[in-house]
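Q: I have this one open on my screen and want to go through it piece by piece. Start wherever you like.

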Amino acid sequence: MPRRSLERRPRTAVAVTVLLFAWLYLPILAVTLFSFNDKKSLSAFSGFSLRWYHDLAHDQALLESLVASLQIATLATLGSLVLGTMLALGLERVRSRRGRVIGAVTLLPLVTPEIVTGVAALLLFTGIGLKLSLTTVVLAEITFSIAYVTVIVRGRLAGLSTEVEEAARDLGCTPWQALRLVTLPALVPALLGAGLLVFALVFDDFVLAFFTTGVDPQPLPVRVYSSIRFGVSPAINAIGTLMLLVSALLIVAALVLLRLFGRGTSSLELITGGERR
Amino acid sequence: MTATTTASKPLSRAGTPSVSLRGLTKVFGGTTVVDHLDLDVAGGEFFSLLGPSGCGKTTTLRMIAGFSDPTDGSVLVGGEDVTSTPPHKRDVNTVFQSYALFEHLDVRGNVGFGLRRKGLDRRTLDRRVSEMLELVELADKGREKPSRLSGGQRQRVALARALINEPKVLLLDEPLAALDLQLRHAMQAELKALQREVGITFLFVTHDQDEALSMSDRVAIMNNGVLEQCGTPEDVYERPTSVFAAGFIGTSNLMSGVWSHGSVVVAPSVAIPAPAHHGSAEGDTVSVAVRPEKIWLGDHTDEMFRLPGTIEATTYHGATTRYRVAIAPGLALTVLEQNLPRMRAEDRWDPGDRVEVGWLPEHTVVLT
């Protein structure tokens, strides 16, 4: 068989790419499509309608769950950003072996099965007599999210010369001012990326929310799960589409914010909080 | 004659030194990095700390800036003891090796950073920043982000950001090391001119002897945390006082021998007459050094000390020719000769040629 010339299109690669994208996005596309179906069927699209969105808008319990999940995600994002950044800044200053051990321990939540974290949180909360509510969900989600923030912020800090903070001190900043005026602004891309990631993870997190939530209102993923047990409604598709929209809007908002900060940060670096060249 | 005038210059400039170090010592985990350093830098002086990497020069600078606490001794800035003063309250500013610019601020934001901390009103601040940008020739770059500037421009922003605060002393930590050779030479001249213009004391840390010699009023040579020698560039080059100083700055023909009747016997057949050296007596072992460019292979005068020798090797270096001349078994001198216009290729000595080396007695330096 003659060797193919390099200029020819690598057909196999193109085919694999198309298949991969189909595998990734067809289910999502189906969810979006059937959320606009005018019949209850989940297999045949018969006509365009907004009836499921209409149903959704009048499902008081579901709306409450949506608000609850947005609250949980917002509070957990803020809480883990503050604690995770403080942890990252602290670890950056402890350069001993003890510091490396602590640094490794902070990564454990990333590899701990979520179900273990969930059960542990439940045992802790009931053990100390804390009533299960949205607060307990927020606390559990913060515990789980700190590691993500710390990893991303530490990555950015590693690329930031210690001389930058010293320069701020040299130019008249107290340690606190140096942090506020120089170090934190330098961390903005990492903080945005970490915040976005944590928000997305927490917003649709089921396992932790399931273990630590009270009765009412339930976080959205828990509500969706329990409603599915009574039969699948196309309204679930509408929720899924809305959640997709929220995620997409968040990413766009973060990109716009970064542009406003005047940084040429790519979307990849936004997620990884990576160092800019 | 120039040596005496430059040597007395720092003393005539100001009463209290800009920086004084008294027994400054830093120990890192059992290793003494800076060892009882005593130093006075006069007001308006361009002073260089020169030494190989790891000699303690950067640690010394960090102790003056306040980023590192001395184990012992004290730091005085403008006559005031600042040993336990935090960096933001010291009247010193630093130009960092990495420049350490604030990437989230534009050039004006960087340059005005220090003055803003001092609470200057907006009008004065804007005017001072504009003047400073004018001085470093970056007037048109005020609104650029540092990431969009070239290496040389970033360097000037770092300089402007520190200078605008008019510190008692400006600390520069190898600020030219990151630039390529050509730009470095241009910046050396620029930096020197700038220092003359603003009249601020510069304490410059470098491992580049050429940089230190060409820019400084005085140079201090450091090695293993100890001050080896301190003086004008001419002093430290022409009259090194230690074997390390003679070897670190330029090249030297170093020979060790024994004092005998006003000469140093470096080989059974070679006794080099040397100026009297205090602290060394008849029979003591000492080192002598002669700079390669001080040795002549011809045109000798009567005052010169002369020796027969044999050319071992000839290396052509463009502007100069370098010879190895054997003067005794196992003892050879390096001789550097300018390739002057009147010299032609056939005038060069070839290996095996018998020659006579000669130099003036005052060019023999006795070292301890």
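**Strands, helices and the chain contact**

Q: Which residue stands opposite B:Ser48 in β9(B)?
A: B:Val219 in β9(B) stands opposite B:Ser48. Strands are DSSP runs of E with at least two residues, helices are runs of H or I with at least four, and both are numbered from the N terminus.

Q: What sort of model is this, and how is the numbering done?
A: It is a predicted model, where local features need pLDDT of at least 70 and side-chain atom pairs count only at pLDDT 80 or more, while totals for chains, interfaces and linings use all residues. Residues are numbered from 1 along each chain as its sequence is written, and chains are lettered from A and ligands numbered from 1 in the order in which they are written.

Q: Back to B:Ser48. What stands opposite B:Ser48 in β8(B)?
A: B:Phe204 in β8(B).

Q: How do the strands themselves pair up there?
A: Strand β3 (residues 46–50) of chain B runs parallel to strand β8 (residues 201–206) of chain B, with five bridges joining them. β3(B) also pairs with strand β9 (residues 218–223) of chain B, again in the parallel sense, over four bridges. Two strands pair if DSSP finds at least two bridges between them.

Q: Is β3(B) buried or exposed?
A: Five of its five residues are buried, so β3(B) is largely enclosed by the rest of the structure. Buried means 20 or more other C-beta atoms within 10 Å of a residue's own, exposed means 12 or fewer, and partly exposed is in between, with C-beta atoms placed from the backbone.

Q: Which way do the side chains of β3(B) point?
A: B:Phe46, B:Ser48 and B:Leu50 point one way, B:Phe47 and B:Leu49 point the other way, and all are buried.

Q: New topic. What is the order of the open sheet in chain B?
A: β13-β12-β11-β14-β19, five strands with antiparallel pairing.

Q: Which strands stand at the edges?
A: β13 (270–273) and β19 (365–367) of chain B. Each has a single partner strand, so one side of each is left without a neighbour in the sheet. On average, neighbouring strands of this sheet are turned by 45 degrees against each other, direction ignored.

Q: What about β12(B) and β13(B)?
A: β12(B) and β13(B) form a hairpin with two residues between them. Strand β12 (residues 263–267) of chain B pairs with β13(B) in the antiparallel sense over four bridges. B:Val265 has B:Ala271 as its bridge partner in β13(B), and B:Ser263 stands opposite B:Pro273.

Q: Now chain A. How many helices and strands?
A: Chain A has 13 helices and zero strands. Of its 277 residues, 34% count as buried. Among contacts between residues at least 6 apart in sequence, 76% join residues at least 24 apart. Two residues are in contact if their C-beta atoms, placed from the backbone, lie within 7 Å.

Q: How do α7(A) and α9(A) pack?
A: Helix α7 (residues 134–158) of chain A and helix α9 (residues 175–203) of chain A pack at an angle of about 150 degrees, with their axes 9 Å apart. Axes are lines fitted to C-alpha atoms, for helices over the stretch in contact, and angles run from 0 to 180 degrees between N-to-C directions. The two helices α7(A) and α9(A) are therefore roughly antiparallel. Under 35 degrees is roughly parallel, over 145 roughly antiparallel, 65 to 115 roughly perpendicular, and the rest oblique.

Q: Which residues meet in that contact?
A: Among them, A:Tyr148, A:Ile152 and A:Val153 in α7(A), and A:Ala190, A:Ala194 and A:Leu197 in α9(A). The contact of α7(A) with α9(A) divides into 11 nonpolar, three polar and two charged residues. Ala, Val, Leu, Ile, Met, Phe, Trp, Tyr, Cys and Pro count as nonpolar, Asp, Glu, Lys and Arg as charged, and the others, Gly among them, as polar.

Q: And α8(A) with α9(A)?
A: The axes of helix α8 (residues 162–170) of chain A and α9(A) come within 9 Å and cross at roughly 150 degrees. That makes α8(A) roughly antiparallel to α9(A). Residues that meet include A:Val164 and A:Ala168 in α8(A), and A:Leu181 and A:Val182 in α9(A). This contact of α8(A) with α9(A) has six nonpolar, one polar and two charged residues.

Q: Last one. How many residues does the contact take from chain B and chain A?
A: 17 residues from chain B and 15 residues from chain A. On the side of chain B that touches chain A, β6 (92–95) and α4 (113–117) of chain B each supply at least two residues.
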